[in-house]
Amino acid sequence: MDTYQSRFNKVIKNMEKKSVDFLFLFPSANMYYLTGFWPQPEERAIFSILSNKGDSFFIAPEMYEEQILKHTWIKDVKIWKTKVDFEGIFDELVKEFKMHKANIAIEDRTWADFIIRIQNKIPNSKISLASNLIKDLRIRKTEEEIMFMKKAGTLAEEIMKKIIESLDIGISELEISGLIEYEARKKGSKRMSFDTIASFGQNSANPHNEPSKKKLRKGDIIMIDFGPRCNGYCSDITRTIFKGKSTKKAENVFKIVAEAHDRAASAIKPGIKASELDKLARGAISKYGFEKFFIHGTGHGLGLDIHEEPYIKKDGSIKLDEGMTLTIEPGIYLPNEFGIRIESSYLITDGGYDALTSNPRDLIFV
Ligand SMILES: [Mn+2]
């Protein structure tokens, strides 16, 4: 509880710096980061509203009251039972806190439905993005956050090992993705970081293939990308595996991707720019003439969101620093043939980096 409240105290300083009067949080990683509560976003309005004077309350449907009081440090829950109620409560708040002409930061991922309703209530208020107040805190992980991310990374490795043993001829992409998520639940992870990706053969040429009923055949390349969460914190791992045998071409592409991964990963340290890591991975791939088949960034930060700062891409201007966590995931995708991606996650330490998931260099055959 103290953790969340002390984060809010830091956010208040940013609110003062940027002359923001109120922070409106919709169900999201930011809501969880500051209150400890992370319900599913839905059509029923749930907001936590925090003021630069330290006021804090939730507006929520009655059914959430108990959970909010249990999971958060916020003691004031304004309950609504009907849509008309909600409007009434909001009108009262506008009056009580003089929100007519306030500067309001609103969660970036609030549904348009709610933003429009809020704007209609207080058309003279200035609205900005909540992330501007919170992202400089979220980008550096505390010891407690790092502990959760290490746990999530270890779990991802364990599940990967187990799944590699289940890659039998005839099993489908959907079955593999289901097995991965079942293993994660069995080991206590409540949610995945994103929808699990499993792709066989030509499907691996699509970086984010949606698992299908396609069955595994001998000679297929298998791409698996997933991440169990621990206490809300993400992990992210991709392995490309060969079923039975492979071709010289595929093995060669694997080695290039592994080299690109290794070059970027081994350069991780405080002070290096995100774009420099991207350049190292991209350079290794262009050396062999495959640059136009590397169709995404080299990596991304991860934490409560699967994609967050620092983004490791061509124009990534952020200087990396101790406590940041990121993925390195170069890939080469040859349309109608196959794709290969190798992804692991890393924590930046004072001297360099710690692997949250290992940096694999060898081909895996099953
Ligand atoms: Mn990733």
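Which residues of α4 are buried? Keep that in mind as you open this predicted model, in which local features need pLDDT of at least 70, side-chain atom pairs count only at pLDDT 80 or more, and totals for chains, interfaces and linings use all residues. For your selections, residues are numbered from 1 along each chain as its sequence is written.

**Stop 1: helix α4**

Select residues 83-96, which form helix α4. Helices (H or I, at least four residues) and strands (E, at least two) are DSSP runs, numbered from the N terminus. The 14 residues of α4 reach 20 Å from first C-alpha to last, close to the expected 20 Å; the expected span is 1.5 Å times one less than the number of residues.

Now show F86, F90 and L93, the buried residues of α4. Here a residue is buried if 20 or more other C-beta atoms lie within 10 Å of its own, exposed if 12 or fewer, and partly exposed in between, with C-beta atoms placed from the backbone. Look down the axis of α4: its buried residues fall within an arc of 60°, so they line one face of the helix. That arc is taken over the directions from the helix axis to the C-beta atoms. An α-helix has 3.6 residues a turn, so residues three or four places apart point the same way.

Turn to the other side of α4 and you will find V84, G88, D91, E92, K95 and E96 exposed. Following α4, pick K98, which has a positive phi near 50°.

**Stop 2: the two domains**

Next, colour domain 1 (2-138) and domain 2 (143-365), as given by the domain assignment; such bounds come from an automatic or database domain assignment. Their centres, taken over C-alpha atoms, are 35 Å apart. Each side brings 7 residues to the contact. On the domain 1 side, the elements giving two or more residues are α2 (29-35) and α6 (131-138), and α2 gives the most, with 3 residues.

**Stop 3: helix α10 and its cover**

Select 274-286 for α10, whose 13 residues reach 18 Å from the first C-alpha to the last. Its buried residues include L277, L280, A281 and I285. Among the elements covering the buried residues of α10 are α9 (248-265), β11 (308-312), β12 (325-328) and β13.

Stay with strand β11 to find P310. The peptide bond joining E309 and P310 is cis, with omega about 0°.

**Stop 4**

N336 is exposed, with 6 other C-beta atoms within 10 Å.

**Last stop: S19**

Finish at S19, in the loop between α1 (2-17) and β1 (22-25). Its phi is positive too, near 50°, and S19 is exposed, with 10 other C-beta atoms within 10 Å.

Methods. Two residues are in contact if their C-beta atoms, placed from the backbone, lie within 7 Å.
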